[in-house]
Every structure is written in C-alpha cells, then in structure tokens.
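Student: Could we go through this structure together, step by step, with the cut-offs stated as we go?

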Amino acid sequence: MAILATWLWSTAFVGVKIGLEYHTPFQFAGIRFFISGLFIFLLFGKFNLFYSQVKANWRFVLWISIIQIFAQYALFYSGLNLVPGALGAMLIGASPLFVAIVAHFSMHNDKMTPLKTFSILIGVAGIAVITLGRTTIEMEGALNLELLGIGLLLVNNLVAGYSNVLVSKSSADVSPFVLSSTSLMVGGIMLFLVSIPAEGINMGPFPAEYYVALAWLSFLSAAAFSIWFTLLKRPGVKVSVLNVWKFLIPVSGAILSWILLEDENPDLISVIGMVIIAISLLALNFANRKSVATKSRATPK
C-alpha cells in the first residue's frame, strides 16, 4: 500500500506542471485539494457518521488540516519558487530523513539506530544522484532569496514529519477517510482564500488538458492521502520506516517520464541512483527486522 501511495504521488509532477501553465500555485492547489476531499466525502457515503466523527474531533481535524495541507503546501510552493528546481527536488526528496529525526524525538518506539540512520542516508544519497544526473544545480538570482527558499523547504520537511507523527500518535476516534477528506477540503479552502489577495482570481477559461490534469491530481491526492493516513494509524507501523518508502517517488517519476515523454531516456547515473535507493530500502528492512527480533527475544515468554 505504501508503494501504491508513493507511485500515485510520483505521477503528480506532470499534472502540476500542466496545471501551473494556466493557473497560480496556491489557487490551483486549493481547488485540487478541495475536490480531492469532496471526492472522499462522497465515496465515504455515511454522511451522519462522517459528521459525528468530525464534530467529536474537530480540534484535531482542524489542526491536521492546517499543518498537513495548508502549512506544508504553502511552504512547499513558496520555497520551490525561490530555489533552482534540482535543488528543490533534492531537499524535498530528503524528507524521510527529517521525518525520522522528528519521530526520534517524539515517539518512544521509533528511535534512530546506527543501521537505520545509515540506510536513510543511503536513500538521501540515491535521491542526490538521480537529481544531479537528470539536471544540474545552478544558483542564480539573489542569494538571500535562495537561502530563504532552502529554509522554507527544510521547515516544510519538519512540518511533514510533525504531521505524520501527530496522525500516528493520535488516539482520536476518527476514520482515516474522514480525516483525509476533511483535512483536504479545509486545507484546500485555506489555500484558495490566501491565494485571492496574493494571486488574484483566475477562473479560466482553461483548455481540456488543464481539466484532465486537475481531475487526475484530485484523484491521486484523495487515494494517496487516504492510504497514508490508514497506514499511519495502523498499530505497529513506525513513522520513520513508512516514510522511507517515499524515496521511491523520484524513482517512479523518472521511470514514468522515460515511458511517457519522447525526449526522456534511461541514463546510467539515474539507474545508479535507483540501485542506491534499492540498497537503502533493503538495509532499512533488515534494520527493522533486526529490531523486531531483538524485542521478541527480550520479551518474557
């Protein structure tokens, strides 16, 4: 399920690129997320149950909406606008490391071990190899603005880790589908409202490819967030281990671009980066199994 969620997120890059040709970042994201949340709401179907769960847990749901959707994507788009694309991709690709750090200080059963740390750093190295192999980093423009962009993307990674930990630790009696639906709708409305004074209002008309991209992005956000929240709330799932699967996002993105885009072809550096990420996932799996086996031996029979 984690692999499916990361594959869905990896397809977002093309859709976002198409959407931003015709729409402003915050407004496009706000519309996309609101439609995603509405889609889950309609699919959930049990409207009385939906309402009762939101009413009983409205503070938690509102807080997740603010940090998981509004704050994270506001930081993401603002930071990405200020740094070269390759550097932005590397910083976002390194998010599992930041999630693991947040989990280490927030959860008693999700501590960093030397082997886990090593495996995550290998994954970060794989992200760097793929990114640098596909494009070069050129620092241009005002250095202060680029440093601000780097800071915003790093804070975005920490916010992502914090929100993942919150969902995983929550004892709130709320369905992952209700939580993902409400957070997407509320966060989407917030992004749209902020976009009005910042970007103005652009309601089209738009070409057919814009609506196709919007429809796909809305679907994948609905599916991926629902899967991710479900996994985070499963007993025994470690936030740091789950998020390492996000290293697959650039791998899937590169493979999809090779398949779908005429001017994209496999290259040696990207393949090496993918092998490095595979080694990272294998090392983390070994570290996780070793941890489970150690706890099993330590538990009195």
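**Reading the helices, cores and surface**

Tutor: Ile122 is buried, with a relative accessible area of 15%, where buried means under 20% relative accessible area, exposed over 50% and partly exposed in between (1.4 Å probe, protein chains only). The model is a predicted one, in which local features need pLDDT of at least 70, side-chain atom pairs count only at pLDDT 80 or more, and totals for chains, interfaces and linings use all residues. Residues are numbered from 1 along each chain as its sequence is written, and side-chain values use heavy atoms, with hydrogens and water left out.

Student: Which residues is Ile122 in contact with, leaving aside its neighbours within four places in sequence?

Tutor: Ile122 lies in helix α8 (residues 114-134), helices being DSSP runs of H or I with at least four residues and strands runs of E with at least two, numbered from the N terminus. The C-alpha atoms of Ile122 and Ser280 are separated by 5.3 Å, although the two residues are 158 apart along the chain. With contact taken as heavy atoms within 4.5 Å, and with neighbours within four places set aside, the partners of Ile122 are Ile276, Ile279 and Ser280.

Student: How many helices and how many strands does the secondary structure of the chain come to?

Tutor: From the N terminus on, the elements run α-α-α-α-α-α-α-α-α-α-α-α-α-α. The count for the chain is therefore 14 helices and zero strands, given the DSSP runs that define these elements.

Student: Among contacts between residues at least 6 apart in sequence, what percentage join residues at least 24 apart?

Tutor: Of the 301 residues of the chain, 48% count as buried. For contacts in the chain between residues at least 6 apart in sequence, the share that joins residues at least 24 apart is 90%.

Student: Which residues have the most contacts inside the largest nonpolar core?

Tutor: A nonpolar core is a set of buried Ala, Val, Leu, Ile, Met, Phe, Trp, Tyr and Cys residues joined through side-chain atoms within 4.5 Å, and in soluble globular proteins nonpolar side chains tend to be buried together. The largest core here has 53 residues, and helix α11 (residues 208-232) gives the most to this core, with 12 residues. A second, separate core of 17 residues includes Ala100, Ile120, Ile277 and Leu281. Inside the largest core, the residues with the most contacts are Trp9, Phe33, Leu179 and Phe225.

Student: Against which elements do the buried residues of α1 pack?

Tutor: In helix α1 (residues 2-10), the buried residues are Ala2, Ala5, Thr6, Leu8, Trp9 and Ser10. One of these, Trp9, is touched by Phe225, which also touches Phe33, Gln68, Ile69, Tyr73, Ser180 and Leu184 when residues up to four places away in sequence are not counted. The buried residues of α1 pack against α2 (12-19), α11, α12 and α13 (248-260).

Student: How far apart are the end C-alpha atoms of helix α7?

Tutor: The buried residues of α7 are Ser95, Pro96, Leu97, Phe98, Val99, Ala100, Val102 and Ala103. The expected span of a helix is 1.5 Å times one less than its number of residues, so the 12 residues of helix α7 (residues 95-106) should span 16 Å. The end C-alpha atoms agree with this, being apart by 16 Å.

Student: Is Asn156 buried or exposed?

Tutor: Asn156 lies in helix α9 (residues 143-169), and, leaving aside neighbours within four places in sequence, Asn156 is in contact with Gln72, Leu75, Phe76 and Ile92. Leu152 is found in helix α9 too, and its contacts, with such neighbours likewise set aside, are Leu75, Ser78, Gly79 and Leu82. With a relative accessible area of 4%, Asn156 is buried.

Student: Which element gives the largest share of the nonpolar patch?

Tutor: Phe34, Ile35, Leu38, Leu42, Phe47, Ile189, Leu193, Ile196, Ile201 and Met203 form this surface patch, with about 910 Å² of accessible area together, by the Shrake-Rupley method with a 1.4 Å probe, only the protein chains shown counting as cover for residues. The elements that give two or more residues are α3 (25-44) and α10 (176-199). The largest share, four residues, comes from α3.

Notes
Patch = residues over 30% accessible without salt bridge, like charges linked within 9 Å, V, L, I, M, F, W, Y side chains within 5 Å. Salt bridge = Lys/Arg side-chain N within 4 Å of Asp/Glu carboxyl O.
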